[in-house]
Amino acid sequence: MYGWIWRHLPGNVWVRAALSLLLVLAVVYVLFQYVFPWAEPLLPFGDVTVDGEGGAAR
Amino acid sequence: MSPRALLRTFSELCITIGTLIVLFVVHLLFWTGIRAQSATDREIDRLEAGWAAEPLEPPAPSRGGGPPPAAPVEYEPGQPFAVMYIPRFGEAWDWPVLQGTGTDTLKKGLGHYASTAVLGAKGNFAVAGHRRTHGDPFKDFPKLRPGDEVVLTDGTTWFTYRIASKPYRTVPSDVGVIEPMPRPLKDEAAAFDEPGRYLTLTTCEPEWGSSHRLVVWAYLDATQSVTDGKPPGLHS
């Protein structure tokens, strides 16, 4: 999987390394910005209210 | 696909999943705290800027040290309207209180149960907060003891509530705890036996779980106008 990505990146080793780093940063950004905030309410740390009220994350 | 390629792909998948889990833990433990720090600072700044811009009419000084007459107040959902201080949690502990207890609201501060009384009014002013993640506002919740102060200000008045009960551990369905006259499932846990001006704080129990809730109750002990300075319970 990673070998496939590496082979399909253009340029010499340095360009590829830089592009890989960018890709990694982009993935981490998407995870922190969108995926983790979405996944977090599925875990129990947000249940701080007693039931029957707007509900902090079930 | 050769067995070698299969094995390599499988290994890469395992490493990827492991990395994802580590990143998620980093997100929960550190990133939500950093975000909460800036979000709460922003909410408090907004509040204080609003109070500075249009000082509300300070309530007429009440006779006999009683609470000021309750004016009809309405809070806007998701907006901050007060700042809470709990000296037991440290001098630097200050958190904005926002209207509502939705997930997004609780990321920016403490949440006021929308169905409960307003600050300082007769009934029960109930507030929920995270025990862990998002800045850990109620991390030290079990350390609260009867007599501890919970101080709030809405820009015009300082409200000093005094805690009346040790943290009470209950189940999530125990909604009686936030009623105007708190009625927990266990009768002997009830802190009050007549209507009054109360405050309820709720958070989760155990620390990282959701099977139970921790609750404390407090009663309104004193109020004073912000023009008279900070209440004695707050340092500096």
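A disulfide is a pair of cysteine sulfur atoms within 2.5 Å. By that rule, this predicted model has zero disulfides over all chains. With that in mind, let's start the tour at two cysteines.

Stop 1: Select Cys14(B). Is this residue buried or partly exposed? Cys14(B) is partly exposed, with a relative accessible area of 41%. Now select Cys204(B), which is buried, its relative accessible area being 0%.

Stop 2: Next, select residues 3-53 of chain B, which form helix α1. Count along α1(B) and you will find 51 residues. From its first C-alpha to its last, the helix reaches 71 Å, close to the 75 Å expected at 1.5 Å a residue. Where does α1(B) bend? Click on His27(B): the helix bends there by about 40 degrees. While you are here, remember that an α-helix has 3.6 residues a turn, so residues three or four places apart point the same way.

**Stop 3: a strand with two partners.** Move on to residues 94-99 of chain B, strand β2. This strand is mostly covered, with five of its six residues buried.

To see one pairing, pick Pro80(B) and look across to Leu98(B), its bridge partner in β2(B).

Finally, select residues 110-112 of chain B, strand β3. How many bridges link β2(B) and β3(B)? There are three, and the two strands pair in the parallel sense. Highlight Gln99(B) together with His112(B), its bridge partner in β3(B).

Definitions and conventions
Residues numbered from 1 in each chain as written. Chains lettered and ligands numbered in written order. Predicted model: local features only at pLDDT ≥ 70, side-chain atom pairs only at ≥ 80, totals over all residues. Heavy atoms only, no water. Buried < 20%, exposed > 50% of the residue type's maximum accessible area, 1.4 Å probe, protein only. Helix = DSSP H or I, 4+ residues; strand = E, 2+ residues; numbered from the N terminus. Expected span 1.5 Å × (residues − 1). Bend = angle between axes of the 7 residues up to and from the residue. Pairing = 2+ DSSP bridges.
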